[in-house]
Amino acid sequence: MTAGDLGAWLIKGNADHVDLVGRFARDPGVARWCVQRSYRLELMRAGQPVLFWGSGSRRRDLPYGVWGLGRLAGPPARQPPGTGWTIPLDLVIAEPQRWVGRDVLRADRDLAGLEVLRQPQAANPSFVTVREFAAIRRHFDPGPGRVRRT
């Protein structure tokens, strides 16, 4: 994996463990998200696209999958110092009727290698290739005025 192969970063939030639906209903803007320390953080740059993946398996009424789109707003950092890593974001979660479930994405042949589908328990962030990002964008319409600077 190289920065040249990058279409977008994919960050995950588990809706089975936290009330993400309630949180995003109150405020769909995401300014910061926790990530795992890895070599991938060294490839992250301000302006790169980021997808938000709502994960989980307990609720049948939720389309777990792509919920939001935005951009990195700066480099990863320890926040506060000495704790876990976070990334600053300019990302908005779309209205629930616009979310694209993983079943729809799995059916797209261009997404057969999508890391989050092959390894759903892999560390956060995940990597989306240029081709995969184009395929996801064909399915995901965040709605008018919902995405800034993309």
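## Terms and model

Buried means under 20% relative accessible area, exposed means over 50%, and partly exposed lies in between (1.4 Å probe, protein chains only). By that rule, Trp33 and Phe52 are both buried.

This is a predicted model: local features need pLDDT of at least 70, side-chain atom pairs count only at pLDDT 80 or more, and totals for chains, interfaces and linings use all residues. Residues are numbered from 1 along each chain as its sequence is written, and side-chain values use heavy atoms, with hydrogens and water left out.

## Overall fold

The chain has four helices and eight strands. Helices (H or I, at least four residues) and strands (E, at least two) are DSSP runs, numbered from the N terminus. Along the sequence they follow the order β-α-β-β-β-β-β-β-α-α-β-α. The radius of gyration is 14 Å, close to the 15 Å that the globule rule gives for 150 residues, so the chain is as compact as a globular protein of that length. That radius is taken over C-alpha atoms; the rule is 2.2 Å times the number of residues to the power 0.38.

The C-alpha atoms fill a box of roughly 40 × 35 × 30 Å along the principal axes. Of the 150 residues, 49% count as buried. Contact means heavy atoms within 4.5 Å. Take the contacts with a separation of 6 or more: residues 24 or more positions apart account for 73% of them.

## Aromatic rings

The whole structure holds six aromatic pairs. Rings of Phe, Tyr and Trp (its six-membered ring) pair if their centres lie within 6.5 Å; planes under 30 degrees apart count as stacked, over 60 as edge-to-face and the rest as tilted.

Trp33 and Phe52 form an edge-to-face pair, 5.0 Å centre to centre with 90° between the planes. Trp33 lies in strand β2 (residues 29-35) and Phe52 in strand β3 (residues 49-55), so the pair ties together parts that are 19 residues apart in sequence.

Asp5 sits in the segment before β1 (6-14). Its relative accessibility is 38%, so Asp5 counts as partly exposed. Leaving aside neighbours within four places in sequence, Asp5 is in contact with Phe127, Val128, Thr129 and Val130. Asp5 and Gln97 are 92 residues apart in sequence and 30 Å apart in space, C-alpha to C-alpha.

The peptide bond from Asn124 to Pro125 is cis, with omega near 15°. Pro125 lies in the loop between α3 (115-118) and β8 (126-129).
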